[in-house]
Amino acid sequence: MAQYDDACTLLDEDHNEVMRLFEQYKAAHDASRQKLLARQISQELLVHMQVEEEIFYPAFGRATGDDKLLQEGEREHREARELIAKLDAEPANAKLMLELEDAILHHVNDEREKMFPKARKTQGLDLMGLARQLEARKSELMAGQPA
Ligand SMILES: [Fe+2]
Ligand SMILES: [Fe+2]
């Protein structure tokens, strides 16, 4: 059963979840806990970006024709993936994690303040249908990941 009736609300709940994980990482005092949290943060973000790119961004692009916002979003995703790859090699590098947090914070604000308000105003964007697709794809991807 669908938990969300609006794709933007679903995506923003992912944003809040990853922000909570960043806080936990900063409060973590040992490398093994940092390592665990770094893996969780990476998984959350990679799945989130993938479903945005597969489902939400193309639908947003078709309905609004706003290529500029889309390209900005995709560029920020690329930056985030580069930082995630570096963290994969050094999960206890707190400075690197702060860089990722800053980048994600900036990106989340762009989606929250520019993309989502525009999506909600745009006729013909089925945010309820998209929420269902995002949710289904997320569960599929999460199921394929190691715990
Ligand atoms: Fe997002
Ligand atoms: Fe995004």
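Q: Which residues of helix 1 meet helix 2?
A: In this predicted model, A7, C8, L11, D14, H15, E17, V18, L21, F22, Q24 and Y25 of helix 1 meet helix 2, where contact means heavy atoms within 4.5 Å. Helices are DSSP runs of H or I, at least four residues, numbered from the N terminus.

Q: And on the helix 2 side?
A: R33, Q34, L37, A38, Q40, I41, E44, L45, H48, E52 and F56.

Q: At what angle do they pack?
A: Helix 1 (residues 7–27) and helix 2 (residues 31–64) pack at about 160 degrees, axes 10 Å apart; axes are lines fitted to C-alpha atoms over the stretch in contact, and angles run from 0 to 180 degrees between N-to-C directions. That makes the two helices roughly antiparallel, a label for angles over 145 degrees.

Q: Switching to the metals, what coordinates the iron ion (ligand 2)?
A: E52 (OE), H77 (NE2), H107 (NE2) and E111 (OE), at 2.0 to 2.2 Å. Donors are N, O and S atoms within 2.8 Å of the metal (3.2 Å for Na, K and Ca); water is not among the atoms, so sites may look incomplete.

Q: What spacing do those donors follow along the chain?
A: E-x24-H-x29-H-x3-E. E52 is in helix 2 and H77 in helix 3 (residues 67–89), 25 residues apart.

Q: Which residue bridges the two iron ions?
A: E52 bridges ligand 2 and ligand 1, which lie 3.1 Å apart.

Q: What about conventions?
A: Residues are numbered from 1 along each chain as its sequence is written, and chains are lettered from A and ligands numbered from 1 in the order written. Local features need pLDDT of at least 70, side-chain atom pairs count only at pLDDT 80 or more, totals for chains, interfaces and linings use all residues, and side-chain values use heavy atoms, leaving out hydrogens and water.

Notes
Parallel < 35°, antiparallel > 145°, perpendicular 65-115°, else oblique.
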